[in-house]
Amino acid sequence: MGLLRIMMPPKLQLLAVVAFAVAMLFLENQIQKLEESRSKLERAIARHEVREIEQRHTMDGPRQDAALDEEEDMVIIYNRVPKTASTSFTNIAYDLCAKNKYHVLHINTTKNNPVMSLQDQVRFVKNITSWKEMKPGFYHGHVSYLDFAKFGVKKKPIYINVIRDPIERLVSYYYFLRFGDDYRPGLRRRKQGDKKTFDECVAEGGSDCAPEKLWLQIPFFCGHSSECWNVGSRWAMDQAKYNLINEYFLVGVTEELEDFIMLLEAALPRFFRGATELYRTVGKKSHLRKTTEKKLPTKQTIAKLQQSDIWKMENEFYEFALEQFQFIRAHAVREKDGDLYILAQNFFYEKIYPKSN
């Protein structure tokens with residue numbers, strides 16, 4: 001007796017395919033609704049936390065503006081470039097905020113859009129400068145540089161940042177969108193299910209690995225002008241360099257993150273006291289966020305990307321930032337037995353006149 005082959009009529013096959021497609025669309029719609037609900041819940045929780053802090057400050061009594069110490073009035077903005085160890089560094093700030101008595105706030109922009117609308121820029125500047133219940137404050141988020149001076153504020157916040165080798169950053173971001181990382185392994189990523197390697201993407205001329213995707217660190221430092229986001233703009237790179245030198249307190253590199261943290265602790269102990277030791281003992285293991293399934297690109301892939309004018313500009317900016325960071329470090333630390341040590345104060349005052357009687 002032969003095997004019975006049950007054949008589904010073509011019409012039923014078509015109906016089954018349609019039904020499956022409808023079911024998938026329904027599931028995707030439900031997932032989207034759940035994500036929207038989660039976003040609303042997160043916003044509601046955040047608003048509640050803010051109200052609690054403000055009420056606590058009110059109960060403690062009014063704060064006298066004139067009595068505010070300079071350090072107590074300090075605000076730091078870390079406008080994080082994606083995939084530059086920003087989460088690892090931010091977690092150090094969260095771990096220290098209770099002990100060092102400052103507030104940490106995440107700037108959560110819709111769809112991680114780094115460019116704010118004009119009205120949101122005004123709101124943000126107003127919050128940063130007048131939200132005294134949140135001072136001293138450490139703000140972080142994927143937002144491009146914003147020039148506070150053009151809004152007429154008297155005291156600008158302190159900007160810091162970290163950048164990374166542009167190709168390494170893009171490779172990390174490429175795999176992050178597909179496989180996520182070990183920080184939130186269960187979270188569904190935008191490109192989940194795409195198994196194509198970075199090498200294959202470059203070989204096929206894919207959009208997710210195109211040289212245009214390298215254009216990110218320059219516009220983050222350039223700011224909110226339209227020309228900043230014009231891919232390959234020489235003006236944007238020059239402006240980014242200008243801002244890095246003149247508007248940023250310190251810019252580190254991912255590859256030398258510990259040294260960046262050490263310099264911040266030495267210069268801004270109000271926020272970063274204890275950061276170096278925390279990073280050395282705990283941070284290197286628990287804070288370092290690793291992208292899952294990441295495969296290093298071949299020399300051929302790297303060479304192909306390096307032919308692009310966009311890579312040449314982003315790499316020039318990266319090398320410029322690295323040189324500046326190493327210059328600052330060379331004048332702030334000394335090496336002994338393979339370890340770096342912060343220099344003690346190396347100036348003093350003398351010949352002070354008029355002499356007191």
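Select Lys-196 in this predicted model: with a relative accessible area of 30%, Lys-196 is partly exposed, and its side chain meets that of Glu-204 in a salt bridge of 3.0 Å, N to O. Glu-204 itself is exposed, at a relative accessible area of 56%.

Next, select Lys-312 and Asp-309, which form a salt bridge whose closest N and O atoms are 4.0 Å apart. Because they lie 3 residues apart in helix H12 (residues 309–330), about one helical turn separates them; Lys-312 is partly exposed at 43% relative accessibility, whereas Asp-309 is exposed at 55%.

Salt bridges with shared partners also join Glu-70, Asp-73, Lys-135 and Lys-155 into one network. Within it, select Lys-135 and Asp-73, whose closest N and O atoms are 3.0 Å apart; this pair links distant parts of the chain, with Lys-135 in the loop between H3 and S3 and Asp-73 in the loop between H1 and S1, 62 residues apart. Lys-135 is buried at 8% relative accessibility, and Asp-73 is buried at 18%.

Now move to helix H3, residues 118–130, which spans 18 Å from its first C-alpha to its last. Which residues of H3 are buried? Select Gln-121, Phe-124, Val-125 and Ile-128; seen down the axis of H3, the buried residues fall within an arc of 100 degrees, so they line one face of the helix. Against that face, show strand S1 (75–79) and strand S3 (137–141), with which the buried residues of H3 pack.

Finally, select Phe-20, Met-24, Phe-26 and Leu-27, a nonpolar surface patch with about 430 Å² of accessible area together. Met-24, in helix H1 (residues 10–59), is partly exposed at 35% relative accessibility.

Methods. Residues numbered from 1 in each chain as written. Predicted model: local features only at pLDDT ≥ 70, side-chain atom pairs only at ≥ 80, totals over all residues. Heavy atoms only, no water. Helix = DSSP H or I, 4+ residues; strand = E, 2+ residues; numbered from the N terminus. Expected span 1.5 Å × (residues − 1). Buried < 20%, exposed > 50% of the residue type's maximum accessible area, 1.4 Å probe, protein only. Arc of directions from axis to C-beta. Contact = heavy atoms within 4.5 Å. Patch = residues over 30% accessible without salt bridge, like charges linked within 9 Å, V, L, I, M, F, W, Y side chains within 5 Å. Areas by Shrake-Rupley, 256 points an atom, 1.4 Å probe, with all protein chains shown as cover.
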